Amino acid sequence: MLEIKNVHKTFNPNTINEKKALRGIDLVLNEGDFVTVIGGNGAGKSTLMKVLAGANAHYTGQVFVDGEPVEIRSTKNAKDLGIEIVYQEVDT
């Protein structure tokens, strides 16, 4: 089970260019769940996936795996928890 509670992600915090990308996201995924995240450009889909995959380490909120609180602050943290991301496009 993966659960996130009240997850926020802000780019360039406390600056004139501050951008609140995620605002209080809650999500519960149980074993066997299949979920599709949809939304327009700038809705936060990729940002949410990058938080869960450890690529956006500076978030606030709580993440739980199998009911236990975890910190996902690097891709290694995520991978150790069994969370990885497959990117649609790879920059070369």
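**Close-up 1. Lys9 and the residues around it.** In this predicted model, Lys9 touches Lys19, Lys20, Ala21, Leu22, Thr47, Asn56 and His58, leaving out residues up to four places away in sequence. Lys9 itself sits in strand 1, which covers residues 2-11. Does a reader find this lysine buried or exposed, and what is the nearest side chain of opposite charge? Lys9 is buried, yet it has no salt bridge. The nearest side chain of opposite charge belongs to Glu18, and that one is 11 Å away.

**Close-up 2. The largest nonpolar core, with Val63 and Ile72.** This core has 14 residues, and Val63 and Ile72 are the ones with the most contacts inside it. Strand 1, helix 1 (45-52) and strand 3 (60-65) each give two or more residues to the core. In general, nonpolar side chains in soluble globular proteins tend to be buried together. Pick out Val63 and look at what it meets beyond its neighbours within four places in sequence: Leu2, Glu3, Ile4, Glu68, Pro69, Val70 and Ile72.

**Close-up 3. Leu48 in helix 1.** Here we look at Leu48, a residue of helix 1. Its relative accessible area is 8%, so Leu48 counts as buried. Apart from neighbours within four places in sequence, Leu48 is in contact with Ile4, Leu22 and Ile25.

Close-up 4. Val35 has 43% relative accessibility, so it counts as partly exposed.

**Close-up 5. Salt bridges.** How many salt bridges does a search of the whole structure find? The search comes back with three. As a rule, side chains of opposite charge can pair when their charged atoms come close.

- Glu3 pairs with Lys5, and their closest N and O atoms are 3.9 Å apart. Glu3 counts as buried at 17% relative accessibility, while Lys5 is partly exposed at 35%.
- Glu71 pairs with Arg73, with the closest N and O atoms 2.7 Å apart. Glu71 is partly exposed at 48% relative accessibility, and Arg73 is partly exposed at 33%.
- Asp80 and Lys76 meet through their side chains at 2.8 Å, N to O. Because they are four residues apart in helix 2 (residues 75-80), about one helical turn separates Asp80 and Lys76. Both Asp80 and Lys76 are exposed.

Close-up 6. Most residues other than glycine have a negative phi. Asn6 isn't a glycine, but its phi is positive, at about 55 degrees. You'll find Asn6 in strand 1, where it is partly exposed at 45% relative accessibility. Asp66, also a residue other than glycine, has a positive phi near 50 degrees. Look for Asp66 in the loop between strand 3 and strand 4 (68-70). With a relative accessible area of 59%, Asp66 is exposed.

Technical notes:
Residues numbered from 1 in each chain as written. Predicted model: local features only at pLDDT ≥ 70, side-chain atom pairs only at ≥ 80, totals over all residues. Heavy atoms only, no water. Buried < 20%, exposed > 50% of the residue type's maximum accessible area, 1.4 Å probe, protein only. Lys, Arg positive; Asp, Glu negative; His and termini not counted. Salt bridge = Lys/Arg side-chain N within 4 Å of Asp/Glu carboxyl O. Contact = heavy atoms within 4.5 Å. Core = buried A, V, L, I, M, F, W, Y, C linked by side-chain atoms within 4.5 Å.
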